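My notes follow in the order I took them.

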Amino acid sequence: MNPANYRARLLWDCFRIFVIPASVLSSVLLLLGYQLGLLSIPTHLGFILLWGTLKSLYAESKQEKEARAIGAKTIPCVIGKWPGNVDVLFRMVKAFKNSYVLDVYLELFEEYQCTTLNLRVLWRDNIISMDQEHAKYVTSTGFSQFWRGISQKERMELFLGEGIFNRDDEKWKMHRNMTRPFFSRERFSDFELFERHCARTISILSSLEASGTACDAQDLYGRFSLDAASEFLMGKNLDTLSASLPVAGKTAMGPKGSATEDHWGSFTRAFEMAQLNITHRGRLGAIWPLFELFKDKNEEHCKVIRAWMDPLTACALTFLTYFLAIHPDVATKMRAEILEYCGPTSPPTFDNIKRMKYMRAVINETLRLFPPVPLNVRETRTSSCVLPPSDCTFSTGSGDSKSPLYMPAKTTILYLPLLIQRNPAHWGADADEFKPERWIDPESVARYVANPTIFTPFSAGPRICIGQNYAYNEMSYFLVRLLQKFDKFTLCPEFQPEGSLPPLEWKNRKGRQAYEQIWPSAALTLYVKGGLWVKFHRARS
Ligand code: HEM
């Protein structure tokens, strides 16, 4: 079935769930000559519920049997208070509005003391995982058992269409082969393109600094990387840096960051709305078309969107600027390295960038704590498979980490790089802290080298990010140019739009949220709610 025909799929689901059992009961009653009169509707409803429960129990026992036969265990299931775990669904929808990014999943893993769980919302298997071994299996070692899957394509078809991100097998291979030459080393190490877009961005920052004004760094970096990427990939600069910028203290909150009122503003708004809607669909599960029966909520937004190019490097640079602002010692050390290799004005060369170990450590540490793609989804194909034994996180928990786990067929698995990359079992007790030195200190580097899939901001396996080297070069080039000019960054909470500062109750919680000064949030990719309002201070020395 064409993934865009999700209404037809929903109708077929309704037919299976409601019409078939109701018709079976009616036929039996007719054959036996019974007339239920007023009791007809409640009896049919009760029968539909009974039919669904029996089917689900049968599926569960079949899974148990199949799992036992291959020496595996079934994935531990979340046990909610309401039928179909509807309360769990509500808990997640509420948490995504008010809680720290992905915290609701972490709470569930801690509650059940295991790293892979079955949410089984509305009697459908729905797997979530913060297990590094399972994520490795899904993306790399067991790659052929999974695909993007029907449900993900349904949610994203109008948004991503037939592009590389939304296709599998032969179509995906064709896209990958076509795209690869764009990322040859000669192309992405042509720094002349980066230089032009950096110069424009730094000149905007300099003017803002001269007038003592703060800037929404998230918005500005988004424009910088979109202009550079559009020129790099399509040969046409979208020139979003020339459109009007959000103004400190006068800009309202858009769907994700700050909002502007021109062409660029309407593009951003459409793009952000479409992403938020897709994430919302993911949370509702297979029933999301019920809420869009008469109108596809992405239709209008997708008319406005011409290209899918989420500025992921902009996301990384935004969180990196946040860290430079709250860790001025890191900014000073990184600047000293830049001045040592490139001096105060010379553009960096490919070789300079390769040698600047501290800058690479700062970038990696940012990507570890705030991976721009914090969660991702795959689906098993038509047959079940076996996930390897769980990682070492809860070795004594109910997950029984020594057994492989039975992964049902045609089932989605949501894996969470953000939680894997902050897991103290892999990164030590200081996993939540921003410490670039962990990428230089031989002992912690050895820990990562022994187990590289504890850090996968660019994913892993055959679908690993094709733009990884481009992204590292673009970010490094920009940082050199930025720190040659500026040496201090201060957050401006007074300019954050209303509702975008972290809620006070976070202070009493554990983990990063207790000391976070921004509100990180996820809608397909990570972003700072309301934008990142910062003052850039020009270096005097
Ligand atoms: C910090 C920056 C970036 C990060 C963290 C990042 C991360 C990722 C991740 C996690 C995936 C895997 C998605 C999946 O499996 O579902 C991916 C795929 C991809 N990325 Fe990136 N990316 C970045 C920058 C870029 C840039 C700058 C480009 C191009 C200009 C790019 C092009 C792609 C493409 C084409 C794919 C699809 C690969 C495939 O499905 O075969 N990325 N990226």
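I began with D430 and R438, whose side chains meet in a salt bridge at 3.2 Å, N to O. I counted as a salt bridge a side-chain nitrogen of Lys or Arg within 4 Å of a carboxyl oxygen of Asp or Glu. D430 is partly exposed, at 22% relative accessible area. R438 is buried, at 8%. Salt bridges with shared partners join E365, R368, D430, E433, K435 and R438 into one network. For burial I used relative accessible area: buried is under 20%, exposed is over 50%, and partly exposed is in between (1.4 Å probe, protein chains only).

A note on the source: this is a predicted model, where local features need pLDDT of at least 70, side-chain atom pairs count only at pLDDT 80 or more, and totals for chains, interfaces and linings use all residues. Residues are numbered from 1 along each chain as its sequence is written, and side-chain values use heavy atoms, with hydrogens and water left out.

Next I searched the whole structure for salt bridges and found 25. I looked up two within helices. Helices here are DSSP runs (H or I, at least four residues), numbered from the N terminus.

K173 and E170 form one of these pairs, at 3.7 Å, N to O. Both lie in helix α7 (residues 169-179), three residues apart, about one turn of the helix. K173 is partly exposed at 43%. E170 is exposed at 57%.

R196 pairs with E192, and their closest N and O atoms are 3.0 Å apart. The two are four residues apart in helix α9 (residues 191-210), so about one helical turn separates them. R196 is partly exposed at 37%, and E192 is partly exposed at 46%.

Which protein atom is the donor to the iron of the ligand? I found a single one, C465 (SG), 2.3 Å away. Donors are N, O and S atoms within 2.8 Å of the metal (3.2 Å for Na, K and Ca); water is not among the atoms, so sites may look incomplete. C465 is in the loop between α19 (442-450) and α20 (468-485).

Q63 was next, in helix α2 (residues 40-69). Is Q63 buried or exposed? Q63 is buried, at 11%. Its side chain makes a polar contact with the side chain of D125 at 2.8 Å. A polar contact is a pair of N or O atoms within 3.5 Å; within protein, one must be able to donate a hydrogen and the other to accept it, and residues adjacent in sequence count only if both atoms are side-chain atoms. Leaving aside neighbours within four places in sequence, Q63 is in contact (heavy atoms within 4.5 Å) with T74, R120, D125, Y406 and P408.

Helix α1 (residues 6-32) has 27 residues and reaches 38 Å from first C-alpha to last, close to the expected 39 Å. The expected span is 1.5 Å times one less than the number of residues. I noted a bend of about 35° at F15; the bend is the angle between axes fitted to the seven residues ending there and the seven starting there. Buried residues of α1 include Y6, R9, L10 and D13. Just after α1, G33 takes a positive phi of about 75°.

Helix α3 (residues 86-98) has 13 residues and reaches 19 Å, close to the 18 Å expected. Its buried residues are D87, V88, L89, M92, A95 and F96.
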